Amino acid sequence: MASIPKSEYARRRKALMEQMEPNSIAILAAAPVYIRNRDVEHVYRQDSDFQYLTGFPEPEAVLALIPGRAHGEYVLFCRERDPERELWDGLRAGQDGAVSTFGADDAFPIGDIDDILPGLIEGRERVYYAIGSNQEFDHRLMEWVKVIRSKTRQGAIPPKEFVALTHLLHDMRLYKSAAEVKVMRAAAEISARAHIRAMQASRVGLSEYHLEAELDYEFRKGGSKMPAYGSIVATGRNACILHYRENDAPLKNGDLVLIDAGCEIDCYASDITRTFPANGKFTAEQKAIYELVLAANEEAFKHIAPGKHWNEAHEATVRVITAGLVELGLLQGDVDELIAKDAYKPFYMHRAGHWLGMDVHDVGEYKVGGEWRVLEVGMCMTVEPGIYISPDNQDVPKKWRGIGVRIEDDVVVTKKGCEILTTGVPKSVAEIEALMAAARAEAA
């Protein structure tokens, strides 16, 4: 199974510390455990920034990076080994594991943090910290600073400045290394198999959750511990709801099924959308809309390369879709004028993509200095144009209403253009119909 090597975490910490001002400290807390109900916890998933710098998978942990500290620059506070708790909840790294397995220079019990961390903060001019992301920890950090301030008469020196850690860290996360791309490629390959499985399983009379179960099976079978986000399985008019979540409607003859789903590997996301007919055969109207969205999807790839700006791919999809809607008679007028007045937006109301990485909607600025960001090697993003014709849209003929189509792929910017990570799922009408027909024939 692809994973990020320990050496890469060390490289990231070093790169971050090189950007920090002298005599400073960076502090980052692990994600808290969230209660699902009563004494049942949600499945734990580490905070992405904390994971990015440590690879440490446990809650109740705090990272401190202190450039130039003589006794070690990377300090980790974490839970102690506890045989009784480990019997119930699983093994813990403990302080020895934090050093030997996760590369910490120094490790302390999390229960001792109130006694130790204020001393590490004291005398530092700057504290790099993501204020507002964890209110409980915000409060604890302020209390530590108050303790230091209360001792100024004894010579204690409180920090002079707090600096947003995310400004440095999220720009680092925007550029994916070869190891990161390898993990994301693995996640995309598993997700591709899951989408194929769902297409093969689709039958009129099943429900959306039957196809969601096929996705989950393939994710877990491939080694993924969880989906990267809540899977969307939307049939018929539900496909016109962008973030549909119920996944419980029956698959009806003549309806399309839109599936937006991807798994996560080593905290890296994949994000794929495919649309196909529940019965295995597109109607004429469905095919026309589908092939228009597919043309927009494929056109976008031509506008993703080093030196091109972020919005070029989106602009390309808008032009293809607007021109296509005019050709189909769903819009009337000059294409340029229609684009200028956003006439396409009742049908195509979202952006063509987003950054992708440890978060499915990953970190990183889309504009720099008020201008669209210029693409560079290693940036990862989705390409996901769509057309959604509301069932209640009285301005179009009835035969078009209720058709929702989105096609989404994951790409990484390369030296010569971009690599599509999600080519493993069929996209053409002919490929999809052939795949579904073969599955039916095999089951017969």
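Q: Two strands count as paired when DSSP finds at least two bridges between them. In this predicted model, which strands form an open sheet, and in what order?
A: There are 3 of them, in the order 9-12-13, and their pairing is antiparallel.

Q: What makes strand 12 and strand 13 a pair?
A: Pairing takes at least two bridges, and 2 bridges join strand 12 (residues 263-265) to strand 13. Because the cut-off is at least two, they count as a pair. Across that pairing, I265 sits opposite Y268 of strand 13.

Q: Why are strand 9 and strand 13 called edge strands?
A: Strand 9 (226-227) and strand 13 (268-269) each pair on one side only.

Q: How do you know whether strand 5 is enclosed or open to the outside?
A: Check each residue against the cut-off: buried means under 20% relative accessible area. In strand 5 (residues 74-78), 5 of the 5 residues are buried, so the rest of the structure largely encloses this strand. Both faces are covered, with Y74, L76 and C78 buried on one side and V75 and F77 on the other.

Q: What are the strand partners of strand 5, and which way do they run?
A: Strand 4 (residues 62-65) runs antiparallel to strand 5 and is joined to it by 4 bridges, with A64 opposite V75. Strand 6 (residues 106-109) pairs with strand 5 in the parallel sense, also over 4 bridges, and there C78 stands opposite P109.

Q: Why does helix 5 get its label relative to helix 6?
A: Helix 5 (residues 113-121) and helix 6 (residues 135-149) pack at about 65°, with axes 10 Å apart. Since 65 to 115 degrees counts as roughly perpendicular, that is what helix 5 is to helix 6. Their crossing is right-handed. The residues making the contact include I113, L117 and I121 of helix 5, plus L141, W144 and I148 of helix 6.

Q: What makes L16, I259, I289 and I387 stand out in the largest nonpolar core?
A: Out of its 95 residues, these four touch the most other members. Helix 8 (residues 178-201) gives the most to this core, with 11 residues. A separate core of 21 residues lies apart from it, with I66, V75, F77 and L120 among its members.

Q: Which residues does I259 contact, beyond its neighbours within four places in sequence?
A: Contact means heavy atoms within 4.5 Å, and the residues that I259 reaches this way include H195, A198, L211, I232 and F276.

Key: Residues numbered from 1 in each chain as written. Predicted model: local features only at pLDDT ≥ 70, side-chain atom pairs only at ≥ 80, totals over all residues. Heavy atoms only, no water. Core = buried A, V, L, I, M, F, W, Y, C linked by side-chain atoms within 4.5 Å. Buried < 20%, exposed > 50% of the residue type's maximum accessible area, 1.4 Å probe, protein only. Axes fitted to C-alpha atoms, helices over the stretch in contact; angles between N-to-C directions. Parallel < 35°, antiparallel > 145°, perpendicular 65-115°, else oblique. Left-handed = near helix turned anticlockwise from the far one by under 90°.
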